[in-house]
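Subject: Structure handover

Hello,

Here is the structure I promised to pass on. Please open it first, then read my notes below.

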Amino acid sequence: MKVDSLFSPKAVFVSDAIDSTAVLKEVSENLLQQDLVKADFFTEIAKREADYPTGIDTSPIAKELPNIAVPHTEGEFVNTRLVIPVALKSTVGFKNMIAPDQELPVKFLFMILNNDPEGQANILAQIMDFLRLTSVSKLQELFSLTDPDKIYQFLSEYFKQ
Amino acid sequence: MSREVKFIAACGAGVNSSHQIKDAVEEEMKKRGYNVKVDAYMVKDVNEELLSHYDGYLTIAKTDLSFTPKIPLIDAGAILYRIPTMAKPVYDNVEKVVKEINAK
């Protein structure tokens with residue numbers, strides 16, 4: 001793993017959760033065990049998702065792509081700067097970030113842990129560039145993976161940092 | 001160069017979306033020859049007093065504020081996609097506000 005990599009092989013998940021709170025809880029508990037987040041992280045990220053949702057409708061990028069969400073909370077509740085990929089076996093409803101009254105079926109999460117929002121390139125911008133600049137067929141390959149190691153390898157190869 | 005025109009961008013955590021909008025709007029307005037500064041905030045910290053220090057408010061979602069802002073609101077969520085054709089109308093709206101301020 002590169003020193004500054006945005007991904008960690010131990011922090012890639014495949015979840016069969018059926019709602020957004022359940023998947024956030026499952027992932028948060030694991031991240032806490034790895035000391036990547038602070039004890040309040042789950043409470044904070046769940047509250048943030050309810051008040052200011054993070055679902056992204058990918059149809060402006062390509063109609064064939066499933067929707068994603070980018071759950072995150074303030075830097076004070078995290079201990080690192082990482083993107084946590086979470087593949088969802090079934091779609092899970094997340095509200096649309098730019099139109100919160102709309103619920104989107106979401107197939108993949110890029111959870112953002114960012115304890116340094118000022119210092120470096122914007123992680124959300126990097127995620128959006130990854131979706132925009134990677135071919136649709138490659139992205140469909142990523143979104144169909146159900147093995148965390150393969151997801152990690154894919155992102156290490158194709159996600160430009 | 002004309003006077004600095006100040007915008008606020010706000011999102012839930014004040015880290016990702018608002019910073020992305022800040023960077024994009026500052027860069028594009030510089031390209032267009034304007035002196036624009038954007039500050040990123042958490043939505044919960046946005047109040048009437050804070051907005052009184054700004055010329056415009058770049059919003060990400062339709063957020064219910066408990067007051068009616070006196071400064072122009074610009075729906076800037078489309079910038080997040082980083083697709084030039086989606087971002088252009090937002091930049092054009094920002095430029096319109098900047099031109100109005102500069103004309104005063």
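How many of the 7 residues of S1(B) are buried? The count is 6 of the 7, so S1(B) is largely enclosed by the rest of the structure. Buried means under 20% relative accessible area, exposed means over 50%, and partly exposed lies in between, with a 1.4 Å probe and protein chains only. Strands are DSSP runs of E with at least two residues, helices are runs of H or I with at least four, and both are numbered from the N terminus.

Some ground rules before the rest. This is a predicted model, where local features need pLDDT of at least 70 and side-chain atom pairs count only at pLDDT 80 or more, while totals for chains, interfaces and linings use all residues. Residues are numbered from 1 along each chain as its sequence is written, chains are lettered from A and ligands numbered from 1 in the order in which they are written, and side-chain values use heavy atoms, with hydrogens and water left out.

**The sheet in chain B**

Chain B has an open sheet of 4 strands, in the order S2-S1-S3-S4. Its pairing is parallel. Two strands pair if DSSP finds at least two bridges between them. The edge strands are S2 (36-42) and S4 (73-75), and each pairs on one side only. From one strand to the next, the twist averages 25°.

Now look at S1(B), residues 5-11. It runs parallel to S2(B), and 7 bridges join the two. One pair to find is B:Phe7 with its bridge partner B:Val38 in S2(B).

**Helices in chain B**

H1(B) lies across S1, S2 and S3 (56-59) of chain B. It runs at about 175° to S2(B). Axes are lines fitted to C-alpha atoms, for helices over the stretch in contact, and angles run from 0 to 180 degrees between N-to-C directions.

H1(B), residues 17-31, also packs on H3(B), residues 84-103. Their angle is about 65°, and their axes are 11 Å apart. That makes H1(B) roughly perpendicular to H3(B). The cut-offs: under 35 degrees is roughly parallel, over 145 roughly antiparallel, 65 to 115 roughly perpendicular, and the rest oblique. The crossing of H1(B) past H3(B) is right-handed. A crossing is right-handed if the near helix is turned clockwise from the far one by less than a right angle, and left-handed if anticlockwise.

Which residues make the contact (heavy atoms within 4.5 Å)? H1(B) supplies B:Ala24, B:Val25, B:Glu28 and B:Met29, and H3(B) supplies B:Tyr91, B:Val94 and B:Glu95. By class, that is 5 nonpolar, no polar and 2 charged residues. Here Ala, Val, Leu, Ile, Met, Phe, Trp, Tyr, Cys and Pro count as nonpolar, Asp, Glu, Lys and Arg as charged, and the others, Gly among them, as polar.

**Strands and helices in chain A**

In chain A, start with S5(A), residues 103-114. Of its 12 residues, 9 are buried, so S5(A) is largely enclosed by the rest of the structure. S3(A) pairs with S5(A) in the parallel sense over 3 bridges. There A:Asn67 stands opposite A:Val106. S4(A) pairs with S5(A) in the antiparallel sense over 11 bridges. A:Lys95 has A:Glu103 in S5(A) as its bridge partner.

Next, H4(A) and H5(A), residues 148-158. Their axes come within 9 Å and cross at roughly 155°. That makes H4(A) roughly antiparallel to H5(A). The crossing is left-handed. The contact takes A:Lys138, A:Glu141 and A:Leu142 from H4(A), and A:Ile151, A:Phe154, A:Leu155 and A:Tyr158 from H5(A). These residues divide into 5 nonpolar, no polar and 2 charged.

**Loop residues**

A:Glu74 sits in the loop between S3 (67-69) and S4 (81-95) of chain A. Is A:Glu74 buried or exposed? At 7% relative accessibility, A:Glu74 counts as buried. Leaving out residues up to four places away in sequence, A:Glu74 touches A:Arg48, B:Ala13 and B:Met42.

A:Asp35 is in the loop between H1 (20-33) and H2 (41-51) of chain A. Its phi is positive, about 65°, although A:Asp35 is not a glycine. A:Asp35 counts as exposed, at 54% relative accessibility.

Best wishes

Notes:
Contact means heavy atoms within 4.5 Å.
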